[in-house]
Amino acid sequence: MRGRWAWLIVGAILILAGGWLAHGTQTADGIRVSDIRFKGAAGNTMSALLYVPRGASAQTPAPGILAVHGYINSRETQDAFAIEFARRGYVVLAIDQTGHGYSDPPALANGFGGPDGLAYLRGLDFVDKNNIGLEGHSMGGWAVLAAASAMPNDYKAMVLVGSSTGKPFAADGTPNWPRNVAVVFGRYDEFSALMWEVRRGRDIVDSPKLWAMFGATGAVEPGKLYGDIAKGTGRMLYTPAVSHPGEHFSRQTAGNSLDWFGKTLQGGTSLPSDNQIWLSKEIGTLAALVGFVALLLGVFDLLIGLPAFSRLALKPHPEQAQPSPHQPRGAGYAAALLFSALVPAITYYPAFALGGTFVTPSRLLPQGITNQIVVWALINMIIALALVPFAPKRARRVDIIVPSIVIAFVTVAAGYSALRLADLAFKIDFRFWVVALKPMSARQWLIFLIYLAPLTAFFVVALHVLHRNFSRTGAGAAASYLASISALTLGFVVLLAVQYGALWLQGHLINPLPDPAFVPLATIIAIQFVPLLAAVAIISTFTFRRTGSSLPGALICGTVVTWYVVAGTATQAAF
């Protein structure tokens, strides 16, 4: 029994140490971080993290910045900006856009939440109302543009990160509007066609839309000041060598934003823009995320040793069991593994297109991205079901269904409790870059129940076929985990390598469609599939090696992935 505590202890240590590091980073120099809710103009509830630097008070108000994340992200995605702004004496309000995080749906409503955020920030008595900046990434740029349109005299400067003025959701930029705006746009940004109507991110300098805002008649020169800051017509372009999701995870991009607000807002400190510590928080929350997976393994390992779950335990021990003679070997094994890996990636874009076209958000199915993931999952579940007759046979164990459900529930409940405690103690979620596991709101719990059945059914079928084909209970641990991880992630690794190889070489993704947003958005979402499915492979292989069944692991993975998706995406329909 002593050895069964190992993973639990490792998980707890990683969560505590990571949470301590993350909390210490975001509260450095006396910054206070608060989780707040406030009412918008339409009576809607808005959510935000409020960063208050030391010394900000009603007697000595500090400049303020409204920071807004992009589509299907959340307020924590702005950590690089929020932490560094606050360290330089700015009060920062990092909101959840409408329909994102803990802000009321629907998404895209009420100016994406931008006007409500600016109104709340201006209402704080420790904020200098004459020195307020707006910063938004991607769709968050449209949120701050909506705020600028609603309150044209209530801010002083703006940074658009990977975003643009003009259609589809913002007014056209002119030499006089918005006030003092900097454009930070990656040379490898996947949304260059959508944002600035140019084929490649590096071609933004030749965008007529940008020329119109900068008052230029030729190529805009990065780093050159256009207009007059004192008159509110200042303009500057920054072009860091990053992609769209890289823009909110970049020292250079954060530094560009700091430089611009240093030029346009008064009251901040003169801390150099390259003095940045925000990555320490990401390292801390990454450690906590890894610790979460280790914690799940540890809880399961402890539970499987209890008499209540004795019928689940594999006998004899996995290392002593014999491999099935019916599993593919040699060239057949490699071919089966390659087929299993590539099919989910091959069906990815078509499934997302089908889901986006025919399963639009509604009160019953309120999350558009989740709908697309469910369509992809169901297509691949059907393919897996068609392959079941060809998979090696294993004895059916009906008697383990109930204990599998119970052990999965208790295991996930322990993990969820750990996340909640970390949130209460450290004001963090478990994340790294675009991968984030967040606690769910009451509304999200209800949405979670809607999507739990189809996503869990996919994992039950897919992992059943996976382990029948590739999990040899007598094989070594390394070979077992490598096979599972390869089968679940290799296809997406190849897809991303091809797409980002094309982006690196030619400056744009491979996109045969006229829609400038579909392939870029789907490709960015696919980045998350790699670590998420790798975690699924680890959890399901760990549980299989202890039970000889794919069911407990599939139930755990189905529950965690549904939670991950529902809490981390946008809710487009009122619910």
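Mentor: Start with His-137, which counts as buried because its relative accessibility is 2%. Buried means under 20% relative accessible area, exposed over 50%, and partly exposed in between, with a 1.4 Å probe and protein chains only. This is a predicted model, in which local features need pLDDT of at least 70 and side-chain atom pairs count only at pLDDT 80 or more, while totals for chains, interfaces and linings use all residues. Residues are numbered from 1 along each chain as its sequence is written, and side-chain values use heavy atoms, with hydrogens and water left out.

Trainee: Where is His-137 placed?

Mentor: Helices (H or I, at least four residues) and strands (E, at least two) are DSSP runs, numbered from the N terminus. His-137 is in strand β5, residues 127-137.

Trainee: Which residues does His-137 touch?

Mentor: Contact means heavy atoms within 4.5 Å. Not counting residues up to four places away in sequence, His-137 touches Val-68, His-69, Gly-70, Gln-78, Val-161, His-244, Glu-247 and His-248. Gln-78 is 59 residues from His-137 in sequence, with 8.4 Å between their C-alpha atoms.

Trainee: What joins the side chains of His-137 and Glu-247?

Mentor: A polar contact is a pair of N or O atoms within 3.5 Å; within protein, one must be able to donate a hydrogen and the other to accept it, and residues adjacent in sequence count only if both atoms are side-chain atoms. The side chains of His-137 and Glu-247 are joined by one of 3.2 Å.

Trainee: Is His-248 buried or exposed?

Mentor: His-248 is buried, with a relative accessible area of 5%, and lies in the loop between β8 (235-238) and α7 (251-264). A polar atom of the His-248 side chain is 3.4 Å from the backbone oxygen of Pro-245.

Trainee: How many residues of helix α2 are buried?

Mentor: In α2 (residues 79-87), 9 of its 9 residues are buried, so the helix is mostly covered. Among them are Asp-79, Glu-84 and Arg-87. Gly-89 follows α2 and has a positive phi, near 90 degrees.

Trainee: How many salt bridges are there?

Mentor: Side chains of opposite charge can pair when their charged atoms come close. A salt bridge is a side-chain nitrogen of Lys or Arg within 4 Å of a carboxyl oxygen of Asp or Glu. The count comes to 16 salt bridges. One of these pairs Arg-87 with Asp-29, at 3.5 Å from N to O. Arg-87 lies in helix α2 and Asp-29 in the loop between α1 (6-26) and β1 (32-39), so the pair ties together parts that are 58 residues apart in sequence. Arg-87 is buried at 13% relative accessibility, whereas Asp-29 is partly exposed at 48%.

Trainee: Which residue forms a salt bridge with Glu-76?

Mentor: Arg-431 does, with the closest N and O atoms 3.7 Å apart. Glu-76 lies in the loop between β3 (62-68) and α2, and Arg-431 in strand β9 (residues 430-432), so this pair ties together parts that are 355 residues apart in sequence. Both Glu-76 and Arg-431 are buried.

Trainee: What about Arg-88 and Glu-84?

Mentor: Their side chains meet in a salt bridge of 2.8 Å, N to O. Arg-88 is buried at 3% relative accessibility, and Glu-84 is buried at 0%. Elsewhere, salt bridges that share partners join Asp-35, Arg-37, Arg-75, Glu-76, Asp-429, Arg-431 and Lys-438 into one network.
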